[in-house]
Amino acid sequence: MSGASGLVFEAVWTRELTLVFGSTALAMSTVLSVFMGGLALGSWLAGRLVDRLGDRLRAYALAEAGVGIYALVVPLVLGGYPALNAAMYRVLGGSAVGLSLARFIAAALLLLIPTTLMGATLPILSRHFVRDDGSSVAGTVGRLYAINTFGAVVGTFIGGFVLLPGAGVRATNYAAAATNLVLAGAVWLARRRLAAQKRQDDDDGVVILPPAPAANAAPVFLATPLQRRMALIAFALSGAIAMVDQVLWTRALAIIIGSSVYSFTLILLAFLVGLAGGAAILSRLTARTSRPMEWLAGVHLATAAMIGLSYLVMDKLPSAFLALLRGGQFSVDGIIFCQFLLAALAVLPATLCMGGVLPLTVRVVAGSLESVGRDVGTAYSINTLGAILGSFAAGFIVLPIAGLQLGLGIGALLTVALAGALLVAAEPRPRRIIAAVLLPLVAVAAMRALPRWSLAHFSAGLFRVSIAKDIIASNKWALPELVYYHDGIATTVSVERWSKTVALKNNGKVDASNGDDMSTQIMVGLMPFTFWNAAHPDTTRKPRAAVIGFGSGVTIGAVTQYPIEHADVVELEPAVVTAGAKYFAPWNHQPEKNPRVKVIIGDGRNFLTQASDKYDVIVSEPSNPWITGVSNLFTVDYWRLARGRLADDGVFCQWAQLYEMSSKNIKIILRSFAEVFPYTYVFSAEDLSSDVILVATNHPLPLDVAALSRNFIDPTLRAELKRGGVESAEDIVAYLLLTPDEIPAFTAGSPLNTDDEAIIEFAAPRDLLGSTRTADPYLARVYASEWPYGRFDRYLVGLGDGDEKWKTELRLARSLLAHGKRAAAERFLRAAKRHGATPGTRVQKLIELMGERAPDDREEPLAIAEDDPTGLSALDPPKLPESAQGDYLGVERGVRARAWAHALMAMKKWPEKWIDEGGPDLELLLGYLLYKAELEDDAVDRLKPLMDDAVYVKRRPAVLYYLARAEYGNGMFEAAVRNMDRYLEATAAPTAATAATTAAATKTAAPAPAAPTKTAP
């Protein structure tokens, strides 16, 4: 129970303090060091006192009660820490060393008392349970350590999978406190019962004889002072190496199984299971040897070998995960268990060996019965101090300098060196000295012989099960060119190249690219500025901006295309800035070199708490909400911090990646955001995108079309907006999904996502793992004609008067159609007609031709033929073998009979060579049949290449018609509208009336002088 509650306290308190001090490696290491430092201090102090205590059970009960009582107070004290952190930054912000020291002191003031009491428990229990004859000191201490660590396993599991997800942080803290208090009460009652039993035995004259030596009593071993010192030094160094390995394994496995809170819990579980199992096994074996120093050396040597095994299997784990997934259909819990198996495969063999170090060390260093408590306390405190040094070395030396692969090798090499030193200390014979020298040399040779990891496999990101399933379905695992890889302090950063596409990854997760992500990255940066510009007609005022997240640099680069005064961009990992600056320079305007931009390395959330100056625009562009740490940037508490740094007339923008998330959790995010920012617009990042851009202000914000058009006056800003897929104010409005008054209706009944009840952090990873089994039709609903939201009409102003109003409404109708919102386009077309638009405009024709599919769809003849409505008779005869002519006649009969599937199946039997050599009209016919069979994607692939021949398109305008229809059905809305516009031009009759209609439509679609818009080709 004590071990379980201790791990829960560590998780909860570390979580709470990193929310205050930030998620930087230094801040997290500071908190962890304070926690472990308290354990070391408690172990050392208790070791000095416990041998002189008469009633050790009372001391143990008081220690556990003290931890429980203090834990009840921790939430109250933590409430004042955000203000304390802000005050420390104001005073010491210019000194990184001074600020770190102040935070260390603040963390120590909070945690030192309970962690000292926790650290005291092992020496107290060790002294109580060791037999009076002293024959089982190492075995008893080892069993106690194993039991305590198994308790930690239980605490890790219950805390990570039950209490924190189900009850929240504060309730979990109280549950752990209650556990300690119940344990203290139980021990206190047991102590009184034992005391009463002893008094009864004394009154009855019962004589308690000392236990007889056990038949399997430990052989006599008396360590020399040198051996005791060497064992303690090795114990300290092994603690440091174990902590370094734990950090490296955690980082490596996070790349393989993901960076969610569950992944880190699984890794810790595997590590603790190994330590507990190793301690349990070796505590039974230790008492049987008279040569514990040699055993200790052997355990270290085995540990080094198992670290080498871990190295060998690490980059094979993604393939192992694929093999497991191929084996069957797994539930979310089943996939989580598979991920635990991967973590165990990597760390369990080595940690089993590491767990055996403590009982063997105690066997060496424990002297007489009278000094058991002191010896155990000294050993445990030294080991913990070594772990503190290891945690710092791992994050600030090993990872950034050596990286994961070499870091694991160095850990194995140092462990081999320890084994050699222990072997010599056991008995300094010449042969052993030679062996001690040769062992590291052999280890170095083995390191050089080991193969390097396949980093492309290693960082493939298969924790996104959808990617793994695609590989399994296609039975093809294509690998990119890895052009950059660096194990940074906070994350492992890589850059991959797929042909012309460059993608940036953090811990195996793609966070930016120059491909499909470009328009989203640009508009996340510019969307809030379009509204700020619309609300501030005073062009002499330049806004101050803050951007949380550097990524590829495209977003902050887009911000620099607006006439800003200054922009602060905050990035947690320096390697991200390095990679973005080097590999995305052709697309990001090189913001790191812009004198108006200041790049700050730090925690974005903590940055918002560190000062009180205001920003006109704040852009928050973190990675996905399921990533632990990133999830802290999707809570009500975070958004309140951001609102506190926003100017009264400022604009806040949040990028939310909603793909592979359930509708339930999407609503929780939107509900939580609107709780802080009630004046929120939800925009789609791009057509058919699950990413959304939340734009919010502290005051009502109309959709002023005329004011938004001012964004297109400046040529630099206009060009950047075009890069983001926006060419007019009407395009901005067309991306709108939810208005401020619609969000409460859409999210009704959804709970809030807070720091205390972090629903998304625990629910979103389960969505990620189950996305391929329970695909949520979010996009289908948003883009369906019956989508009841996005009715922004009542927010629209600045449409103009008279003719200008209906012309603006026509432009809105065209933009809405070009962004997949056909029903809304029809609504604005009707409004334009009410306000004076003449029937038969180009926009009206486009909307009519882009109508939803129906059995009586308009049939465009494939070629012009007077007596053949299908146009088949006017097509050029295909260049087919004689044997296929009969089949082709069957295809024609199928088309005329509207049996398109039958006709298509007949063509599908032909070799691809026949189609390729059959002529463009045969390609047109096949594309037409694919469209009719509702295979729009394949239809686009067939028809689009025909567009390269302008002469052919002029002869066969049906190419444009069916390509546009197929593109619209395939979600390629803007391309579809452009091609249908070309179709209308190609088929327009050369009459005066048609010319007048075309002129009117062109005039209608023409941009206002101050606001360039899209025009028909």
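1. A residue counts as buried here when its relative accessible area is under 20%. By that cut-off C338 is buried, at 3%, and C353 is buried too, at 17%. Keep in mind that this is a predicted model.

2. While we're on cysteines: the structure holds 0 disulfides. As a reminder, a disulfide is a covalent bond between the sulfur atoms of two cysteines. So if you go looking for C338 in the model, expect a buried residue with 3% relative accessible area in a structure with 0 disulfides.

3. Salt bridges are another matter, with 34 of them in the structure. Take E427 and R291, whose closest N and O atoms are 3.8 Å apart. E427 sits in the loop between α14 (372-426) and α15 (430-449), and R291 sits in the loop between α9 (261-286) and α10 (292-314), so this pair ties together parts that are 136 residues apart in sequence. Both ends are partly exposed: E427 has 24% relative accessibility and R291 has 39%.

4. Next, have a look at D755 and R605. Their salt bridge brings the closest N and O atoms to 2.3 Å. D755 is in the loop between α28 (743-746) and α29 (759-770), while R605 belongs to helix α22 (residues 604-609), so the pair ties together parts that are 150 residues apart in sequence. Here both partners are buried, D755 with a relative accessible area of 13% and R605 with 7%.

5. The bridge between R723 and E720 has its closest N and O atoms 2.8 Å apart. Both residues lie in helix α26 (residues 715-723), 3 residues apart, or about one turn of the helix.

6. Through shared partners, R291, E294, E427, R429 and R432 are joined into one network.

7. Last, the surface. I69, L72, V73, L76, V77, Y174 and L181 make a nonpolar patch of about 570 Å². Which helices each supply at least two residues of the nonpolar patch? They are α3 (56-78) and α7 (169-203). The largest share, 5 residues, comes from α3, and I69 is placed in that helix.

Definitions and conventions:
Residues numbered from 1 in each chain as written. Predicted model: local features only at pLDDT ≥ 70, side-chain atom pairs only at ≥ 80, totals over all residues. Heavy atoms only, no water. Patch = residues over 30% accessible without salt bridge, like charges linked within 9 Å, V, L, I, M, F, W, Y side chains within 5 Å. Areas by Shrake-Rupley, 256 points an atom, 1.4 Å probe, with all protein chains shown as cover. Salt bridge = Lys/Arg side-chain N within 4 Å of Asp/Glu carboxyl O. Helix = DSSP H or I, 4+ residues; strand = E, 2+ residues; numbered from the N terminus. Disulfide = S-S within 2.5 Å. Buried < 20%, exposed > 50% of the residue type's maximum accessible area, 1.4 Å probe, protein only.
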